Amino acid sequence: MQTYSEAALRKSFINCTKGASQRINIPKEVLSTDWANEIFLSWTDPKSPQNAYVVAETSKGLQGLVMERKKALAKGGARMCQFCLTLNSSTGVSLMSIPTAKSSKENYGSIGTYICTDLECVAYTLGKKKPEGIRQMEESLTQDEKIARLLENVQGLIARIEESLKK
């Protein structure tokens with residue numbers, strides 16, 4: 001069983017200060033996750049539900065992002081998650097704002113992307129969960145290809161944020 005320590009998870013966040021990473025609420029079930037059964041980890045802070053976190057294994061090791069869920073007006077129609085490409089109702093996908101400056105003293109900026117509100121991209125990709133009321137597109141990809149695409153999308157966003165932090 002492959003797990004990561006709390007210290008390793010806290011150290012992985014690339015878009016916040018060391019002090020801010022120490023204040024992140026990491027639930028016990030996240031700490032005991034077996035990485036062999038996961039593509040990446042994601043969770044919402046139970047004490048502050050607008051805060052969300054994503055951590056993935058990358059070529060540079062374990063890397064994570066601090067995100068903030070933005071309130072969106074619920075209008076009809078379906079929206080697609082940019083990680084797992086699952087279609088959800090308009091409330092099933094949220095705009096996540098990802099800070100690209102480590103402190104507010106710097107030129108503050110952020111990058112936004114649409115991600116499943118419940119952060120269950122792994123479950124959607126593995127077919128363990130399906131959004132209600134939305135018909136999904138038929139895909140010819142194998143399960144392994146879907147998993148590779150999901151991981152590539154998450155790693156690509158992490159790389160994009162990392163590159164933006166260097167500017």
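Is Cys16 buried or exposed? Select Cys16: at 11% relative accessibility, this residue counts as buried. Buried here means under 20% relative accessible area, exposed means over 50%, and partly exposed is in between, with a 1.4 Å probe and protein chains only.

Before moving on, note that this is a predicted model, in which local features need pLDDT of at least 70 and side-chain atom pairs count only at pLDDT 80 or more, while totals for chains, interfaces and linings use all residues. Residues are numbered from 1 along each chain as its sequence is written, and side-chain values use heavy atoms, with hydrogens and water left out.

Next, select Cys84 and Cys116. Cys84 is in no disulfide, and the nearest cysteine sulfur, that of Cys116, is 3.6 Å away. A disulfide is taken as a pair of cysteine sulfur atoms within 2.5 Å, and by this rule the count is zero. Cys84 is buried, at 6% relative accessibility.

**The sheet**

Switch to a cartoon view. Helices (H or I, at least four residues) and strands (E, at least two) are DSSP runs, numbered from the N terminus. Five strands make up an open sheet, in the order E1-E2-E3-E6-E7, with antiparallel pairing. Two strands count as paired if DSSP finds at least two bridges between them. Strands of a sheet pair through backbone hydrogen bonds, either parallel or antiparallel.

Colour residues 41-44 and 110-116: these are E1 and E7, the edge strands, each of which pairs on one side only. From one strand to the next the twist averages 30 degrees.

Now zoom in on E1 and E2 (residues 51-58), which pair in the antiparallel sense over four bridges. Leu41 stands opposite Val55, a residue of E2.

Which helix packs on the sheet? Select residues 143-166, helix H5: this helix touches E2, E3 (61-70), E6 (93-99) and E7. Contact means heavy atoms within 4.5 Å. The direction of H5 makes about 105 degrees with that of E2. Axes are lines fitted to C-alpha atoms, for helices over the stretch in contact, and angles run from 0 to 180 degrees between N-to-C directions.

**Thr125 and its contacts**

Go to Thr125, in helix H4. Thr125 is buried, with a relative accessible area of 9%. Leaving out residues up to four places away in sequence, Thr125 touches Ile39, Cys84, Gln143, Lys146, Ile147 and Leu150.

**Salt bridges**

How many salt bridges does a search of the whole structure find? The search finds five. A salt bridge is a side-chain nitrogen of Lys or Arg within 4 Å of a carboxyl oxygen of Asp or Glu. Three of them can be visited in turn.

- Lys129 and Asp118: the closest N and O atoms are 2.9 Å apart. Lys129 lies in the loop between H4 (121-125) and H5, and Asp118 in the loop between E7 and H4, so the pair ties together parts that are 11 residues apart in sequence. Lys129 is partly exposed, at 32%, and Asp118 is partly exposed, at 32%.
- Arg149 and Glu139: the N to O distance is 2.5 Å. Arg149 is in helix H5 and Glu139 in the loop between H4 and H5, 10 residues apart. Arg149 is buried, at 19%, whereas Glu139 is partly exposed, at 35%.
- Lys70 and Glu68: the side chains meet at 3.6 Å, N to O. Lys70 is partly exposed, at 35%, and Glu68 is partly exposed, at 33%.

A search of the whole structure finds four aromatic pairs. Rings of Phe, Tyr and Trp (its six-membered ring) pair if their centres lie within 6.5 Å; planes under 30 degrees apart count as stacked, over 60 as edge-to-face and the rest as tilted.

Select Phe13 and Tyr53. Their ring centres are 5.8 Å apart and the planes stand at 70 degrees, so the pair is edge-to-face. Phe13 is in the loop between H1 and H2 and Tyr53 in strand E2, 40 residues apart. Phe13 and Tyr53 are both buried.

The last stop is Ile14, in the loop between H1 (6-12) and H2 (18-22). Ile14 is buried, with a relative accessible area of 13%.
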